[in-house]
Amino acid sequence: MDTNTKTLGEALRRNGVTRRGFLKFCTATASMMALPPSMVPAIAAALEQARRPSVIWLSFQECTGCTESLSRSHAPSLENLIFDHISLDYHHTLQVASGEAAEAAREAAMHANEGAYLVVVDGSIPLGNPGYSTIAGFSNLQTLEETVAGAVAVIAVGTCASFGGLPKAYPNPTGAVSVSDIVTDKPVINVPGCPPIPMVITGVLAHYLTFGTLPELDHYGRPKAFYGTSIHDRCYRRPFYDKGRFAHTFDDEGARKGWCLYKLGCKGPMTYNACATAKWNQGTSWPVESGHGCIGCAEPDFWDAGGFYNALSVPTGEISRNASYAIAAGVGVGAIAAGINQRTRNKAVRQHAEVTIEDLEKR
Amino acid sequence: MNALKSIPVLVEAPATRDFCYQNTLPLLHEISHALRRLQQEQLPTTIDLNAIPFGPGDEQRLLEFLGRGEVSAHLEALGNSSVWESGYPGIWFIEHRNESGERVAFQMEITTLPAILATHPDDIAESLSSLQKALENPSLGHRIGD
């Protein structure tokens with residue numbers, strides 16, 4: 001909880017990091033924050049003066065996948081340097097203390113760093129019945145409201161904290177809501193994904209650590225550096241989409257040759273995330289490179305969006321008839337398909353449409 | 001991981017003519033423009049290769065196309081780093097790895113010499129101070145045999 005005594009520059013030098021090592025660290029940090037290489041000198045200057053922030057991590061209705069993603073991130077020396085530098089004062093999965101001692105650590109960190117600490121939340125908050133999820137006898141809502149009161153900002157990690165996620169999926173039995181549904185008087189940064197890319201989680205923390213400010217956000221409260229472009233626009237298979245070359249099944253010629261997965265339900269065009277460049281598993285691959293379409297996990301209500309294998313603009317069984325009407329009426333097929341898609345999606349959200357093995361075999 | 005290799009999956013490598021379908025060719029044009037800037041305006045350029053949406057094999061094709069030149073360097077700081085000039089002088093690759101050997105950054109610099117290879121002025125000052133202190137040590141002559 002000694003949060004302001006040393007700068008990151010001092011801490012690195014104390015650990016024997018040379019200037020070349022520091023430059024390498026800054027280069028990797030810029031890459032991790034998705035900032036242009038020209039920002040490296042600014043990052044170096046800022047990191048020299050960066051102070052040690054206190055972080056309180058709250059876990060509500062979640063599966064711990066977000067913490068797994070973060071703790072297995074593929075750049076340990078970089079993450080270690082950052083996490084050695086932040087003061088992670090409360091994280092009930094990772095901390096040694098439990099029970100009253102754990103809650104005492106949270107309260108002590110809140111008082112010692114009033115108005116200056118960061119709160120990280122993973123998981124959604126149940127409003128239906130406080131008993132659905134409690135910690136130390138307190139409802140998630142109580143814990144969140146009490147902890148956030150003295151925070152400088154909140155980082156909602158994962159789709160559950162950002163948008164309600166899987167617990168909020170129809171019929172939402174617990175009345176799950178997102179952090180931003182509760183916290184309206186503090187900055188909330190959404191880092192969605194199921195789970196989020198570890199580099200994105202640390203990139204957001206590194207941005208705050210480096211510059212002492214919050215990154216620029218989009219209309220869903222997501223950092224633009226990572227969520228600024230769609231999966232589709234950054235996809236290496238995009239040229240096949242432009243040429244009209246699609247896989248129609250998971251084992252046809254198109255699939256084997258790595259053509260576009262749009263017709264197999266890829267949600268890349270409506271999903272904003274950094275998977276296409278950041279990749280997963282030590283930069284090995286990502287879903288599309290592995291031959292499966294994007295499921296849109298960084299978007300609100302992705303679970304209820306009408307089936308992972310339904311093409312965005314080609315709803316099963318309806319497109320041919322509707323498109324032919326559209327052509328007859330002189331209306332652009334793309335426009336009508338987009339309209340059909342929106343209706344299909346809305347209907348699916350209402351009815352919680354299921355995709356069966358038979359549905360998949362029809363393709 | 002060995003068990004994975006026993007799964008009979010055949011990945012069809014893109015044909016050579018597919019070179020221009022992916023992101024390698026546009027990147028080569030960008031490098032060409034950067035090289036022209038370096039030649040005419042002495043302006044260096046850095047490209048973060050981790051931020052380029054490479055498909056399978058794209059990075060390898062880029063490396064093979066540019067080849068390796070006559071200069072390479074090895075750096076040990078927070079893990080190993082490799083720096084090498086491509087077969088096209090002025091185009092450098094800088095690959096940073098962490099202490100576990102995993103890549104944390106991969107950049108291309110279009111420049112006369114990558115910044116990380118140059119000695120920092122503060123290091124030169126510290127170097128001079130250390131050397132002078134060593135020379136003032138009376139046992140130095142004995143230790144080096146004079």
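**Architecture and interface of a predicted two-chain model**

Along its sequence, chain B runs α-α-β-α-β-β-β-β-α-α. In total, chain B holds five helices and five strands. Helices (H or I, at least four residues) and strands (E, at least two) are DSSP runs, numbered from the N terminus. The model is predicted: local features need pLDDT of at least 70, side-chain atom pairs count only at pLDDT 80 or more, and totals for chains, interfaces and linings use all residues. Residues are numbered from 1 along each chain as its sequence is written, while chains are lettered from A and ligands numbered from 1 in the order in which they are written.

Chain B has 146 residues, of which 25% are buried. A residue counts as buried if 20 or more other C-beta atoms lie within 10 Å of its own, as exposed if 12 or fewer do, and as partly exposed in between; the C-beta atoms are placed from the backbone. Contacts in chain B with a separation of 6 or more were also examined, and 39% of them join residues 24 or more positions apart. Two residues are in contact if their C-beta atoms, placed from the backbone, lie within 7 Å. Glu102(B) sits in the loop between β4 (91-97) and β5 (103-110) of chain B. Glu102(B) is partly exposed, because 16 other C-beta atoms lie within 10 Å. Its C-alpha atom is 8.9 Å from that of Gly79(B), 23 residues apart along the chain.

Chain A contains 19 helices and nine strands. Of its 363 residues, 46% are buried. Among contacts in chain A between residues at least 6 apart in sequence, 72% join residues at least 24 apart.

Helix α2 (19-32) of chain A packs against helix α3 (residues 40-49) of chain A. Their axes come within 9 Å and cross at roughly 115°. The two helices are therefore roughly perpendicular, a class that covers angles of 65 to 115 degrees. Axes here are lines fitted to C-alpha atoms, for helices over the stretch in contact, and angles run from 0 to 180 degrees between N-to-C directions. On the α2(A) side, the contact is made by Phe22(A), Leu23(A), Cys26(A), Thr27(A), Thr29(A) and Ala30(A). On the α3(A) side, these meet Val40(A), Ile43(A), Ala44(A) and Leu47(A). The contact residues comprise eight nonpolar, two polar and no charged. In this scheme Ala, Val, Leu, Ile, Met, Phe, Trp, Tyr, Cys and Pro are nonpolar, Asp, Glu, Lys and Arg are charged, and the others, Gly among them, are polar.

Helix α7 (residues 140-148) of chain A has Asn140(A), Thr143(A), Leu144(A), Thr147(A) and Val148(A) as its buried residues. Seen down the axis of α7(A), they fall within an arc of 110°, so they line one face of the helix. The arc is that of the directions from the helix axis to the C-beta atoms.

Glu62(A) lies in the loop between β1 (54-59) and α4 (65-71) of chain A. Glu62(A) is buried, because 24 other C-beta atoms lie within 10 Å. Not counting residues up to four places away in sequence, Glu62(A) touches Asp122(A), Gly123(A), Gly158(A) and Cys160(A). The C-alpha atoms of Glu62(A) and Glu107(A), 45 residues apart along the chain, are separated by 22 Å.

At the interface, 31 residues of chain A are in contact with 31 residues of chain B. On the chain A side, α2 (19-32), α5 (76-85) and α16 (275-278) each supply at least two residues. The largest share, nine residues, comes from α2(A). By class, this side has 13 nonpolar, 10 polar and eight charged residues.

Technical notes: Angles under 35 degrees count as roughly parallel, over 145 as roughly antiparallel, 65 to 115 as roughly perpendicular and the rest as oblique.
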